[in-house]
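Work through the exercises below with the sequence and the 3D view open. Try each task before reading its solution.

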Amino acid sequence: PDGCPDLCECSEPARTVKCVNRNLTVVPPDLPPYVRSLFITGNPLTHLPAGAFSAQRLPDLSALNLSGNHLQTVDADALALPALRQLDLSGNALISLSPQAFGEGGSPLEELALRGALRNHDVLLSLAALLQSGALHNLSRLELTDNGLVLLPAGIFTALPTLRQLDLSNNSLVGLQNVSFQGLGQLQSLNLSNNSLGMLWNTTLAQFRSLPTLRRIDLGHNTWVCDCAIEDLVAWLKESDQVEGKEALTCAYPDKMLGKALMKINGSDLNCSVPIDLPSQLQTSYVFLGIVLALIGAIFLLVLYLNRKGIKKWMHNIRDACRDHMEGYHYRYEINADPRLTNLGSNSDV
């Protein structure tokens, strides 16, 4: 019962089993119960069904590496292991990840690596649901690099109170406006390098300031837009000691600011002496429109006043014409109403 599967290499003293590049399509059912570290990598393994790893047979399995396979589907209870602390699913093209993959009662998992495994948006949403459920409340390290992420689901990190390291590098993140870091009270390291961040707004900067243990933030190799809106970010960089290598951060846009260090930007570089206040601009436009309309009305009244005699004569002429017209209608009515005049008008001999 403690033997080693045919296509694997086992070390009982090290309590390690390696099944690397062995064309496995299923998890070997006869893994030795002494195993603590299990490597199943580089195999055409596509599906992890429920009970793929027997919790009864593998009570001490704490480190599981499933990277570089062809995993697409992870079912509910597929990873329900009582001692699991480290899990690596990197390099798999996941299509379906069950929010109950670690079982109903939660998992002791502390480290989760998902490099290049979240290219499918539905899987990202499933991961967010999994994290928000509290099933991984013991997680201390989360790696989400190389996934092409543009935006993160809102509230994805709200149920990770013990998280210390969060790696979001090598993605395509354009903003963090919908991301809350408030629940990460023990966060120590945040890697946002090699993304497409052009701005960090005050709400995000305030969250960074409020995290007492956050001492390392990596913002390198982002596309910073150095216009008037970047003043708050620059001010925070100058006063904060949380950002590593902040002297190397440079502007990517506009062209006149290309390559300029963010730490050396001042107000004269941005030409922000006159703040852009859209409501005041609209108010000014309305006042100007009112003045123009009042001027047009005054000119119209002036023209009427200067031509008052001609207008009066014109109105009299219209009145006379209308009166003559009405008298004609009245005369015809009287003729039609008198039968004698009607008979007289219709008699051809008269």
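L293 is exposed, with a relative accessible area of 53%; buried means under 20% relative accessible area, exposed over 50%, and partly exposed in between (1.4 Å probe, protein chains only). The model is predicted, so local features need pLDDT of at least 70 and side-chain atom pairs count only at pLDDT 80 or more, while totals for chains, interfaces and linings use all residues. Residues are numbered from 1 along each chain as its sequence is written, and side-chain values use heavy atoms, with hydrogens and water left out.

**Exercise 1. State how the chain is divided into domains.**

Step 1. Domain 1 covers 9–276 and domain 2 covers 277–314; these bounds come from an automatic or database domain assignment.

Step 2. The domain centres, taken over C-alpha atoms, are 64 Å apart.

**Exercise 2. Classify the ring pairs F157–F181 and F208–W236.**

Step 1. Rings of Phe, Tyr and Trp (its six-membered ring) pair if their centres lie within 6.5 Å; planes under 30 degrees apart count as stacked, over 60 as edge-to-face and the rest as tilted. This rule gives three aromatic pairs.

Step 2. F157 and F181 have 6.3 Å between centres and 25 degrees between planes, and the pair is stacked. F157 is in the loop between β10 (141–143) and β11 (165–167), and F181, 24 residues away, is in the loop between β11 and β12 (189–191). Both residues of this pair, F157 and F181, are buried.

Step 3. For F208 and W236 the centres are 5.9 Å apart and the planes are at 40 degrees, so this pair is tilted. F208 belongs to helix α2 (residues 202–210) and W236 to helix α3 (residues 231–239), 28 residues apart. F208 and W236 are both buried.

Step 4. F157, F181, F208 and W236 form one aromatic cluster.

**Exercise 3. Examine the salt bridges of E143, E239 and E244.**

Step 1. A salt bridge is a side-chain nitrogen of Lys or Arg within 4 Å of a carboxyl oxygen of Asp or Glu. The count is seven.

Step 2. E143 pairs with R141, with the closest N and O atoms 3.1 Å apart. E143 is buried at 8%, whereas R141 is partly exposed at 28%. R115, R141 and E143 are linked in a network of salt bridges.

Step 3. E239 and R209 meet at 3.2 Å, N to O. This pair links helix α3, which holds E239, with helix α2, which holds R209, across 30 residues. E239 is exposed at 56%, and R209 is partly exposed at 42%.

Step 4. E244 bridges to R216 at 2.9 Å between the closest N and O atoms. E244 lies in the loop between α3 and β15 (251–253) and R216 in strand β13 (residues 216–218), so the pair ties together parts 28 residues apart in sequence.

Notes:
Helix = DSSP H or I, 4+ residues; strand = E, 2+ residues; numbered from the N terminus.
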